[in-house]
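Take a look at the sequence and the model below. The walk-through starts after them.

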Amino acid sequence: MRTERVRQAAYRMRHHALNMGEAQGQGYVGQALGAADMLAAVYIDQLTFRADDPHWADRDRFLLSTGHYAIGLYAALAEAGIISVEELDTYGSDESRLPMSGMASYTPGMEISGGSLGHGLTVAVGMALGLRHQGNPARVINFLSDGELDEGSTWEAAMGASHHGLGNLIAMVDINALQADGPTAGVLRTEPVADKWAACGWHVARVDGNDVDALLGAFDSVSTDKPSVILCDTRIGRGVPLLENREKAHFMRIEADEWQICREQLTEGYQGVSA
Ligand SMILES: [Mg+2]
């Protein structure tokens with residue numbers, strides 16, 4: 001039941017992402033598809049929030065370091081009822097509250113302006129420390145990409161989180177093995193990545209990030225005594241074979257006649273999951 005709710009939300013979120021992408025003809029659609037299960041697990045199963053009051057003091061904080069994944073987050077915010085599905089049609093247009101790169105000042109439920117990688121976890125550590133000082137039981141979840149692990153500030157924050165025993169902090173890393181300049185293994189090797197987080201003093205889980213059961217199991221296993229990281233191996237473009245196999249997957253240009261094919265492939269792959 002729990003798994004099915006998340007899977008169905010992820011399926012709808014992938015459709016939202018295709019619809020938003022079509023309005024622009026291009027974008028970070030591959031990331032939205034690849035991370036849909038992670039974001040659905042967070043918003044449908046994990047976060048405590050009030051949809052009608054995004055600044056509620058006791059809300060769990062979700063920090064998107066990777067501002068270019070905003071298209072995926074907007075789809076999640078719509079599923080969570082924080083913004084409407086109709087508003088997604090404005091994605092990336094002038095005057096929209098949904099810019100292509102996530103900005104906290106524009107979008108309800110967007111906690112930080114991401115995009116310059118390597119800052120999200122440092123902010124998350126500060127927030128988690130602050131919440132603990134206030135006696136606030138809220139948790140902080142920071143979403144990172146594997147490319148973001150190239151940033152030294154991420155590891156400084158990782159050591160700080162462990163030093164302070166931040167059991168109210170969870171990091172999740174989208175390991176799609178790609179980054180803007182090419183395969184992660186070729187740009188700057190991050191493996192063995194689980195060992196690196198463990199050496200920094202974190203509880204570590206590594207799962208197939210497109211397997212909802214595995215994701216929920218990882219969330220169930222997090223520590224409350226120290227920070228936890230969930231390393232999520234994903235496939236960029238997941239759910240749409242046409243895009244899963246595309247070169248230049250970081251920022252996709254998709255032809256006008258391909259969007260409908262994408263939607264049909266997505267629906268076909270999810271037969272048995274009602275929309
Ligand atoms: Mg990546």
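Predicted model: local features only at pLDDT ≥ 70, side-chain atom pairs only at ≥ 80, totals over all residues.

Begin with the record. UniProt, in an unreviewed entry, places the feature "domain: Transketolase N-terminal" at residues 9–266.

Helix α1 spans residues 2–24, and helix α4 spans residues 70–79. Their axes come within 9 Å and cross at roughly 125°. The crossing of α1 past α4 is right-handed. Which residues make the contact? From α1 come Ala9, Arg12, Met13, His16, Ala17, Met20 and Gly21. From α4 come Ile71, Gly72, Tyr74, Ala75, Ala76, Ala78 and Glu79. Sorted by class, the contact of α1 with α4 holds nine nonpolar, three polar and two charged residues. The spacing of such contact residues has a simple background. An α-helix has 3.6 residues a turn, so residues three or four places apart point the same way.

Glutamate 86 sits in the loop between α4 and α5 (120–134). Is glutamate 86 buried or exposed? It counts as exposed, because it has 8 C-beta neighbours inside 10 Å, and the cut-off for exposed is 12 or fewer. Glutamate 86 also relates back to α1. Histidine 16, one of the α1 residues in the contact with α4, is 70 residues from glutamate 86 in sequence. In space, the C-alpha atoms of glutamate 86 and histidine 16 are 10.0 Å apart.

Helix α3 is the next stop. It runs over residues 36–46 and is mostly covered, with 10 of its 11 residues buried. The buried residues are Ala36, Asp37, Met38, Leu39, Ala40, Ala41, Val42, Tyr43, Ile44 and Gln46.

One partner of α3 is helix α9, residues 212–220. The two pack at an angle of about 55°, with their axes 10 Å apart. α3 and α9 are therefore oblique to each other. Their crossing is right-handed. On the α3 side, Asp37, Met38, Ala41, Asp45 and Gln46 take part. They meet Val212, Leu215, Leu216 and Phe219 of α9. By class, the contact of α3 with α9 has six nonpolar, one polar and two charged residues. Among the α3 residues in this contact, Asp37, Met38, Ala41 and Gln46 are buried.

Note on methods:
Residues numbered from 1 in each chain as written. Axes fitted to C-alpha atoms, helices over the stretch in contact; angles between N-to-C directions. Helix = DSSP H or I, 4+ residues; strand = E, 2+ residues; numbered from the N terminus. Left-handed = near helix turned anticlockwise from the far one by under 90°. Contact = placed C-beta atoms within 7 Å. Nonpolar A, V, L, I, M, F, W, Y, C, P; charged D, E, K, R; others polar. UniProt positions renumbered as here; feature names shortened; annotations may be inferred. Buried ≥ 20, exposed ≤ 12 C-beta atoms within 10 Å, placed from the backbone. Parallel < 35°, antiparallel > 145°, perpendicular 65-115°, else oblique.
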